[in-house]
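Biologist: I would like to learn how to read a model like this one. Please take me through its features in turn.

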Amino acid sequence: MSKHPKSLNPSEEDIKMLLACQSHIGNKNSNIGMEPYLYKRRADGIHILNLQKTWEKIVFAARVIVAIENPEDIVVVSGRPYGQRAALKFAAYTGARAFAGRFTPGTFTNYITRAFKEPRLLIVTDPINDHQAVTEAAYVNIPTIAICDSDSSLKYVDIAIPANNKGKLSLGLIYWLLAREVLRMRGTISRSSPWNVMVDMFLYRDPEQTDKDEASRENRIEDVPADEPVLPGESAVDNSTPINWDQGTAAGE
């Protein structure tokens, strides 16, 4: 039973996207702290996450994010490659600051470093992979929101969003849903109309595949002839030599 108003309930399209991106698929291991978010365990040992709990936590996390007056006081950290593009896009649309890649130790605790930050809220893609940021946030009393899989540790995590944090589709969709909910609560976009930003913008893209696509696109452009094709019964016209219409008239006139 949902604890928030009906206007905040997920649509059928949202549930279909969560299922299509396998956001409910966990793994064979489970942490005792994640047991309330598990729906069942399949015959092959894979744990299934409860999507109703996932949506409730997304709404709860969005309400916390909206409560921060200055969006730049929110830091998004993603050391996992599949979540770096989603974290950057989330930060771009919500106004937060993103740390994609390796997190520099001492960013939250050592004020001498150039990268020293004092955020009011931390969002991490994986509490295990981003344990350095989570630990430092706990030292300085920064609340933490984390996308947690079935085997994730909830130590120092204040709000856990139960979802598959190892799949590129799942991570992109969770960040997209969270960004959309934040913008809706801020009044930037309306709930009655769909968000004009596609979820594909948040999904991970392989750099090698992107380079291959650009190379093939350039090859297709080069293969297109620059001159117009000559139709049957017409002769080719040399456009390089300009025609002087002031010198005489056509033959027979």
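Biologist: How many aromatic pairs does the count come to?

Modeller: A pair of aromatic rings is described by the distance of the centres and the angle of the planes. Rings of Phe, Tyr and Trp (its six-membered ring) pair if their centres lie within 6.5 Å; planes under 30 degrees apart are stacked, over 60 edge-to-face, and the rest tilted. The count here is eight aromatic pairs. Tyr82 and Tyr204 have ring centres 4.9 Å apart and planes at 55 degrees, so this pair is tilted. Tyr82 sits in helix α3 and Tyr204 in the loop between α5 and α6 (207–223), so the pair ties together parts 122 residues apart in sequence. Phe99 and Phe103 pair edge-to-face, at 6.1 Å between centres and 70 degrees between planes. Ring pairs also link Tyr93, Trp176, Trp195 and Phe202 into a cluster.

Biologist: What should I know about the model itself?

Modeller: This is a predicted model: local features need pLDDT of at least 70, side-chain atom pairs count only at pLDDT 80 or more, and totals for chains, interfaces and linings use all residues. Residues are numbered from 1 along each chain as its sequence is written, and side-chain values use heavy atoms, leaving out hydrogens and water.

Biologist: Is Phe99 buried or exposed?

Modeller: Buried means under 20% relative accessible area, exposed over 50%, and partly exposed in between (1.4 Å probe, protein chains only). Phe99 is buried, as is Phe103. Tyr82, at 32%, counts as partly exposed. Tyr204 is partly exposed too, at 25%.

Biologist: In what order do the strands of the sheet run?

Modeller: Helices (H or I, at least four residues) and strands (E, at least two) are DSSP runs, numbered from the N terminus. Two strands pair if DSSP finds at least two bridges between them. Five strands form an open sheet, ordered β4-β3-β5-β6-β7, with parallel pairing. β4 (97–100) and β7 (159–162) each have a single partner strand, so one side of each lacks a neighbour in the sheet. Three bridges join β5 (residues 121–124) to β6 (residues 144–148). Leu122 has Thr144 in β6 as its bridge partner.

Biologist: How many residues of α5 are buried?

Modeller: 15 of its 19 residues are buried, so α5 is largely enclosed by the rest of the structure. For length, the expected span of a helix is 1.5 Å times one less than its number of residues. Helix α5 (residues 168–186) should span 27 Å, and its end C-alpha atoms are 27 Å apart, which agrees. Just after α5, Gly187 takes a positive phi of about 85 degrees.
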